[in-house]
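Here are a few notes for when you have the model open.

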Amino acid sequence: MSMLNVGRAAAIGAAVWMCGSALASPATPSEQEALAIGTDAYIYGYPLVTMEMTRRVMTNVAAPEATRAPMGQLVRMREYPNASFRDVTAPNADTLYTTGWMDVGKEPWVLSLPDMNDRYYLMPMLDGWTNVFEVPGKRTTGDKAQTYVITGPGWTGTIPQGMTEYKSPTSMVWLLGRIYCTGTPEDYKAVHALEDKITIQPLSSWSGAGGKAYTPAPGKVDPSIDMKTAVREQVNALSAEKYFELLAKLMKENPPAAADAPMLAKLAKIGVTPGQFSAGSWDAETAKAMQQVPKLGVEKIMGAFKTAAKPINGWVFTTKTGEYGTDYLDRALITAFGLGANRPKDAVYPTSEADASGKPYDGTKKYVIHFDKGQMPPANAFWSITMYDADFFFVNNPLNRYTVSSRSKFKENADGSVDVIIQNENPGGDMEPNWLPSPKGRFILMLRLYWPSETPPSILDGTWKPPAAVLAK
């Protein structure tokens, strides 16, 4: 899928014009029709609204601190997130994040990457709709120093020599970089040095490599922004009026794709067009239906997890992350459970809520994932299994261990196989390295394969399947 197809701007203009015409002379929908349209519209807009709410929380600081930084400045995480981290669902404990939010609607931004010295990294860039529109990294562009200019919709101008242009379909851009790190003090130090050499700055301030350093202005702090409640909860709590008001505002600077024209026509029937919305246009039946939309929309998104794909040994996964086309429900589902997901060739994320028999995981019980000799997850970069609570956040435990992975020093069985032990209590002794601590209640497992093998055995073509978590004997 490409969001930059020829004729895109003209097609969007035509779609907006059609929506405007529909809004001018709407055929009043029945309550049931309004409910159906509203729910579809809610699911369609969920990624854009969630991205904006995430951006607000993650940039609402005067200077970079912990997991947050002002607009146009970088978060350079110095250690893995811990169990108190609530900014983004399903965080990982395998890479150090280097992230930043940019508004490329006003002017282009320059991203400079250093020589990564053969270390695995990737720097995906998400547009406002959560599509990964570019992803420089070891797999795609190599590990040498690189410089990019990220330009917004409709921008035309001259790109400085030696730079590569990346065209963003939206004004909102989230750089969600990840650099592999083993987590040892020595490796933390090595990765910190690389992070410090990654920079972003407006094109107007660029003075060339080795030129005068760019000094960003302090960020503006808005005390009205809720900095404690998880973003997903904030989004899910929005009323229909507030939700669609925000969606309409965001669509002006973050234009929908040309393929979204049919959906834009639907939105127009309930008074939502890019840059314009008024709940006052709703008649009594539509208004009544709209009050039910957020609850139904959230239920449909969350319920899609169970039907997103056929479970394989208790694991559910898709190979459609990062590029969604018009699969709006899948896009909303990934937004809710794993905002910032990569393209499949960069990462696949099998997720499991239940054991092989279909019974939900229970932290009072003990489980084992058995890997036959030579059958560990096939990934060119790394793999990991992460433990989450029922809300997709890390689980607090005495070892501060949230994952087992390709860097774990497992105790092997006599035949060379490996058993990963999943339970609440530490098994102790020489089996502690194999222990993935669980909470006492419900939990969720996520298996990550970064840069999954494209040749058999491969999860991409089904020639490798994740083994089931089974009750320990």
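1. Lys-300, Ile-301 and Met-302 of helix 8 touch Leu-329, Ala-332, Leu-333, Ala-336 and Phe-337 of helix 9 (contact: heavy atoms within 4.5 Å; helices are DSSP runs of H or I, at least four residues, numbered from the N terminus). By class, that contact has 7 nonpolar, no polar and 1 charged residues (Ala, Val, Leu, Ile, Met, Phe, Trp, Tyr, Cys and Pro are nonpolar, Asp, Glu, Lys and Arg charged, the others, Gly among them, polar).

2. A word on provenance: this is a predicted model, with local features needing pLDDT of at least 70 and side-chain atom pairs pLDDT 80 or more, while totals for chains, interfaces and linings use all residues. Numbering runs from 1 along each chain as its sequence is written, and side-chain values use heavy atoms, leaving out hydrogens and water.

3. Helix 8 (293–303) packs on helix 9 (328–338) at about 85°, axes 8 Å apart (axes are fitted to C-alpha atoms over the stretch in contact, angles running from 0 to 180 degrees between N-to-C directions). That makes the two helices roughly perpendicular (65 to 115 degrees).

4. Helix 2 (31–59) also packs against helix 9, at about 35° with axes 8 Å apart. Its residues in the contact include Tyr-44 and Pro-47, and those of helix 9 include Arg-331 and Thr-335.

5. Elsewhere, 4 strands form an open, mixed sheet in the order 19-18-15-21 (strands are DSSP runs of E, at least two residues; pairing takes at least two bridges). Strand 18 (418–423) pairs with strand 19 in the parallel sense over 3 bridges, and Ile-421 has Trp-435 in strand 19 as its bridge partner.

Note on methods
Angles under 35 degrees count as roughly parallel, over 145 as roughly antiparallel, 65 to 115 as roughly perpendicular and the rest as oblique.
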